[in-house]
Amino acid sequence: MERLTPEDADEGSDPDPDRPHAAGPLYVPVRLCLAGGHQLRFARTPLGARTAIGFTSRRRLAAVLGEQQRWIRLAEPALRALAEPLGAALVTVDPQMSAPAVGPRPGTGLPCARRAQDLPEAMPV
């Protein structure tokens, strides 16, 4: 987990690089669920592990996920406590980039590449 100091921290201080500093309250991306509440948005690390994400400023969140991205404020321990039961043991602060959402390829007609007519018939026993 990467821990950063908030942007509005005193720039005159020179923190010890061997001691991580808590990021403070984070801007955590969420989406609306069907019941009207909020769901955390998760991401994947480059190695494929599921991770909760948070940003130290709205500007950083918007730079990665866009201006229309909904968010809530959570402290890092609260984000971790909410994410761990959902299978995300990692928390990434201020990720630098994101990939576009995965969707069906244009022209395939169906989101699933496997169609019933493409399956081989059962072999007689």
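Biologist: Which residues of helix α1 are buried?
Modeller: In helix α1, residues 58-65, the buried ones are L61, A62 and V64, where buried means under 20% relative accessible area with a 1.4 Å probe and protein chains only, and a helix is a DSSP run of H or I of at least four residues, just as a strand is a run of E of at least two, numbered from the N terminus. Keep in mind that this is a predicted model, in which local features need pLDDT of at least 70 and side-chain atom pairs count only at pLDDT 80 or more, while totals for chains, interfaces and linings use all residues. Residues are numbered from 1 along each chain as its sequence is written, and side-chain values use heavy atoms, with hydrogens and water left out.
Biologist: And what covers the buried residues of α1?
Modeller: The cover includes β1 (26-32) and β5 (71-74), judged by contact, meaning heavy atoms within 4.5 Å.
Biologist: What follows α1?
Modeller: G66 follows α1, and its phi is positive, near 100°.
Biologist: Changing topic, what is the strand order in the open sheet of three strands?
Modeller: The order is β2-β1-β5 with antiparallel pairing, and two strands count as paired if DSSP finds at least two bridges between them. Because β2 (38-40) and β5 stand at the edges with a single partner strand each, one side of each is left without a neighbour in the sheet. From one strand to the next the twist averages 50°, with axes taken as lines fitted to C-alpha atoms, for helices over the stretch in contact, and angles running from 0 to 180 degrees between N-to-C directions.
Biologist: Where does α1 pack, then?
Modeller: It packs on the sheet, where α1 touches β1 and β5, and its direction makes about 45° with that of β1. Helix α2, residues 76-83, also packs on the sheet, touching β1, β2 and β5, with its direction at about 115° to that of β5.
Biologist: Which residues make up the largest nonpolar core?
Modeller: There are eleven in all, namely L26, V28, V30, L40, A52, L74, L79, A83, A88, V91 and V93; such a core is a set of buried Ala, Val, Leu, Ile, Met, Phe, Trp, Tyr and Cys residues joined through side-chain atoms within 4.5 Å.
Biologist: Which element gives the most to this core?
Modeller: That is β1, with three residues.

Notes
Buried < 20%, exposed > 50% of the residue type's maximum accessible area, 1.4 Å probe, protein only.
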